[in-house]
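Biologist: I am new to this structure and would like to learn how to read its features. Where do we begin?

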Amino acid sequence: MNINKLAEQNYDWVERMGWHNKTTLEALALVASEVGEAINECRGEEPTEDFAEELADIVLRVLDIAHWQGIDMEKVLLAKMLKNKQRGTRGRAK
Ligand SMILES: [Mg+2]
């Protein structure tokens with residue numbers, strides 16, 4: 001399944017739950033809250049077992065916003081990866 005299909009399925013579920021009642025800024029704030037949750041799972045020596053789930057929460061919230069805004073994330077991700085690759089190290093040590 002490609003990432004846009006995942007985004008669509010997740011969006012449809014969030015819609016059925018009635019949780020699409022936010023502004024873009026509020027939705028982004030919830031991405032930040034999931035980043036905070038992921039941080040809390042990394043406060044020990046090693047990330048906890050729940051760390052992966054928090055990363056999934058971050059991605060799902062981002063994909064939800066992308067689908068809502070009509071963004072083709074597969075296309076954008078591939079384009080951005082290429083752009084990053086073409087930028088090279090920009091003077092940073094390898
Ligand atoms: Mg979470």
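Modeller: With two helices: helix 1 and helix 3 are roughly perpendicular to each other. Keep in mind that this is a predicted model.

Biologist: How is the packing of two helices described?

Modeller: Two packed helices are described by the angle between their axes and by the distance between those axes. Here, the axes of helix 1 and helix 3 lie 8 Å apart, at an angle of about 90 degrees. Angles of 65 to 115 degrees count as roughly perpendicular, hence the term.

Biologist: Which residues make the contact?

Modeller: Helix 1 contributes I3, L6, A7, E8, N10, Y11 and V14, while helix 3 contributes L60, L63, D64, H67 and W68. By class, this contact has eight nonpolar, two polar and two charged residues.

Biologist: Which residues are the protein donors of the magnesium ion?

Modeller: They are E34, E37, E54 and D57, which lie 2.1 to 2.2 Å from the magnesium ion. Their spacing in sequence reads E-x2-E-x16-E-x2-D. Within this set, E34 in helix 2 and D57 in helix 3 are 23 residues apart and link distant parts of the chain.

Biologist: How much space lies in the largest pocket?

Modeller: About 340 Å³. The pocket is lined by 17 residues, and those closest to its centre are V14, W19, K22, R61 and D64. Helix 1, helix 2 and helix 3 each give two or more residues to the lining.

Biologist: Which element gives the largest share of that lining?

Modeller: Helix 3, with six residues. By class, the lining has nine nonpolar, three polar and five charged residues.

Technical notes. Residues are numbered from 1 along each chain as its sequence is written. This is a predicted model: local features need pLDDT of at least 70, side-chain atom pairs count only at pLDDT 80 or more; totals for chains, interfaces and linings use all residues. Side-chain values use heavy atoms; hydrogens and water are left out. On a 1 Å grid over the protein atoms alone, a cavity is a set of points where a 1.4 Å probe fits but cannot get out, and a pocket is an open set with protein on both sides within 12 Å along at least five of seven lines; lining residues have an atom within 4 Å of a point. Grid points are joined across faces, edges and corners, and a volume is the space filled by probe spheres set on the points. Helices (H or I, at least four residues) and strands (E, at least two) are DSSP runs, numbered from the N terminus. Ala, Val, Leu, Ile, Met, Phe, Trp, Tyr, Cys and Pro count as nonpolar, Asp, Glu, Lys and Arg as charged, and the others, Gly among them, as polar. Axes are lines fitted to C-alpha atoms, for helices over the stretch in contact, and angles run from 0 to 180 degrees between N-to-C directions. Angles under 35 degrees count as roughly parallel, over 145 as roughly antiparallel, 65 to 115 as roughly perpendicular and the rest as oblique. Contact means heavy atoms within 4.5 Å. Donors are N, O and S atoms within 2.8 Å of the metal (3.2 Å for Na, K and Ca); water is not among the atoms, so sites may look incomplete.
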